[in-house]
Amino acid sequence: MLLALELSGARNTLALGTETQIWSADFSSQRGVGLMAAMHNLLAEQKIEKSDLRGILLGLGPGSYTGLRIACSAGIMLGYSLQIPCCGLCSFAAAAFTHCPPGESIHLALNAYRQQVYHACYRRQESDLEELTAPHLCTPQEIAELIGSNCFLGEKKWAPQGVVIQQDCQAHAEDILTYAFSLGFHADGAGFENGLPPEPLYLRPAAFRPKDRIE
Amino acid sequence: MSFAPVLGLESSCDETAAALVGADNKVLSSVVHSQIDQHAAWGGVVPEIAGRSHLRSIRPVVEQALEHAGLTAKDLGGIAVTNRPGLLGSLLIGTTAAKALAYAWNLPLVGVHHIEAHSYAALMPLAAPHFPYITLIVSGGHTSLYRTDSPLQMKLLGSTLDDAAGEALDKAAKMLGLGYPGGPAIQQAGASGNPQAFPFRLPLLAADSLDFSFSGLKTALLYTIKGPGGTTADPWIVPHDCLPDLCASFESTIARTLARKCRRACEQTGIPRVLIGGGVACNLRLRQVMAEEANKAGFQAHFAPAEYCTDNAVMIAGLGRAMFLHGQSDDLNLDVAASG
């Protein structure tokens with residue numbers, strides 16, 4: 001049994017699952033602080049013991065650094081205390097895997113604030129996902145040009161006219177699990193060598209310039 | 001009273017710390033990962049840098065704390081964690097980590113107030129605390145006076161209206177071309193200086209006020225070195241070899257202000273005992289000035305041990321243990337707060 005946590009945006013979700021069955025919960029109304037209680041509740045509802053968990057998967061963003069760090073802190077310490085592996089996957093890739101029709105490519109764009117947008121592009125070939133453009137920061141003005149006439153996940157205001165739009169580009173924890181199983185992760189805890197270290201995808205520097213004045 | 005050792009976690013600002021405290025407040029281990037080097041280039045704590053560092057350090061410091069104490073999860077009685085006040089992003093990392101451990105190990109959890117924990121650090125060495133106390137918490141983020149009736153009962157008497165004392169020292173150090181953090185840099189640069197060379201006025205406010213204000217003192221330092229109305233870009237009007245005297249005088253003014261306010265609080269409340277904690281409580285001149293003031297005015301001054309003045313998890317585990325003994329605990333919905 002694997003646990004997945006996805007807190008990269010406004011929607012906070014977690015999921016439990018195997019290759020054949022996934023249960024999930026949305027605890028957005030409790031914000032990130034509700035994560036552990038939501039996890040406890042989902043395990044209890046499904047009558048799953050925490051000792052049944054064999055690994056933890058984290059959506060690493062791009063997205064809200066605060067939410068991502070809550071997920072990472074929980075995942076790292078649960079992995080340590082339950083002695084199970086913990087790793088991360090790109091949330092954009094997981095969303096693209098879920099939403100992109102086979103044989104097509106898809107662009108994702110998420111508001112990064114400060115007049116910037118997180119963007120990435122993927123192509124789906126049956127059960128494989130190819131990263132065409134890695135997650136990066138760009139301006140809202142650049143987005144329409146990047147998207148062209150391809151499928152798009154993101155806010156309508158960034159899409160060129162006539163493009164197929166699904167406005168919610170944030171991955172669900174269920175997407176993280178589904179994508180993980182496609183990459184060779186197994187419910188028994190195998191495959192964790194395929195994941196990323198449990199740290200948010202930091203696409204911005206931590207600080208821009210030294211303060212040069214005394215306030 | 002018996003209670004198994006408590007694991008404390010601290011991540012409210014720029015230190016990631018874990019510690020284990022057992023019976024009679026015995027410190028079984030204490031691990032602190034300081035981020036000072038990472039923030040030094042910015043002259044202060046950058047929240048995003050702090051958040052990134054806490055996430056990388058939280059597991060190693062917990063592992064080390066348990067290893068140094070020779071304990072495992074089954075030896076623990078509970079988990080205590082700082083959940084207020086502090087940088088929200090930083091608090092969330094420690095609090096989430098603590099909840100994960102409490103959940104996985106089936107241990108009780110308690111959220112600890114960072115300022116109350118600093119006060120507790122000064123109480124921990126006392127064999128038989130004699131309540132009530134006046135408590136001065138003085139650090140880079142806080143300068144406040146409290147009446148402490150028990151480890152879990154503190155009433156605010158006064159606090160800073162602008163800069164905390166440690167913040168004023170940081171900004172003065174920057175003004176004087178010294179390093180970060182400012183307190184130790186000014187202490188070192190002013191060690192051989194004359195504290196009366198530059199007679200800065202003590203910012204004592206109204207005669208009965210227990211509040212603090214250090215922004216005017218900071219401006220007085222600026223005008224002393226750059227001339228009246230001077231700016232940070234202006235050249236010095238005093239010789240640069242005055243630096244030790246400037247540092248000693250500025251540091252002494254802050255120390256004497258803090259000591260006088262403690263005396264005032266003792267006189268107003270009739271409580272002749274003072275606890276002093278927080279990062280600035282490490283300052284040697286403050287310790288000396290406070291001892292002189294206590295001797296003159298007839299109150300006792302109890303400083304937290306120097307190693308537990310700056311942020312640490314010993315004080316969190318210690319106070320958390322006291323809270324568990326009083327039947328207090330929190331559930332997995334424990335929230336964080338920037339203030340309060």
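In chain B, 18 residues of domain 1 are in contact with 16 residues of domain 2. The model behind these numbers is predicted.

**Two domains in chain B**

The domain assignment gives chain B a domain 1 made of residues 6-119 + 310-325. Domain 2 covers 129-303. Taken over C-alpha atoms, the centres of the two domains of chain B are 27 Å apart. Together, domain 1 and domain 2 of chain B bury about 1300 Å².

Which residues of domain 1 of chain B lose the most area to domain 2 of chain B? They are I115(B), H118(B) and S119(B), and together they make up 39% of what that side buries. Three elements of chain B each give two or more residues to this side of domain 1: helix 1 (36-39), helix 4 (114-123) and helix 10 (314-325). Helix 4 of chain B gives the most, with five residues.

**Where chain A meets chain B**

Now turn to the contact between the chains. Chain A brings 37 residues to it, and chain B brings 34 residues. One of the salt bridges joins R56(B) to E199(A). Their closest N and O atoms are 3.0 Å apart. On the side of chain A that touches chain B, helix 1 (35-45) and helix 2 (65-82) of chain A each supply at least two residues. Helix 2 of chain A gives the most to that side, with 13 residues.

The table sets out the two contacts.

| Contact | Buried area | Share on carbon and sulfur atoms | Salt bridges | Residue pairs in polar contact (both at pLDDT 80 or more) |
|---|---|---|---|---|
| Chain A and chain B | about 3200 Å² | 65% | three | ten |

**The nonpolar cores**

In soluble globular proteins, nonpolar side chains tend to be buried together. How many residues does the largest nonpolar core of this model have? It has 100 residues. Those with the most contacts inside this core come from both chains: L57(A), L78(A) and Y122(A), along with L7(B), V62(B) and W105(B).

Take W105(B) as an example. Leaving out residues up to four places away in sequence, W105(B) touches Y80(A) and S81(A) in chain A. In chain B, W105(B) touches L7(B), L66(B), A73(B), L76(B) and I79(B).

How values were computed
Residues numbered from 1 in each chain as written. Chains lettered and ligands numbered in written order. Predicted model: local features only at pLDDT ≥ 70, side-chain atom pairs only at ≥ 80, totals over all residues. Heavy atoms only, no water. Core = buried A, V, L, I, M, F, W, Y, C linked by side-chain atoms within 4.5 Å. Buried < 20%, exposed > 50% of the residue type's maximum accessible area, 1.4 Å probe, protein only. Contact = heavy atoms within 4.5 Å. Domains from an automatic or database assignment. Buried area = accessible area lost by both parts, 1.4 Å probe. Helix = DSSP H or I, 4+ residues; strand = E, 2+ residues; numbered from the N terminus. Salt bridge = Lys/Arg side-chain N within 4 Å of Asp/Glu carboxyl O. Polar contact = N/O pair within 3.5 Å; in protein donor to acceptor, adjacent residues only side chain to side chain.
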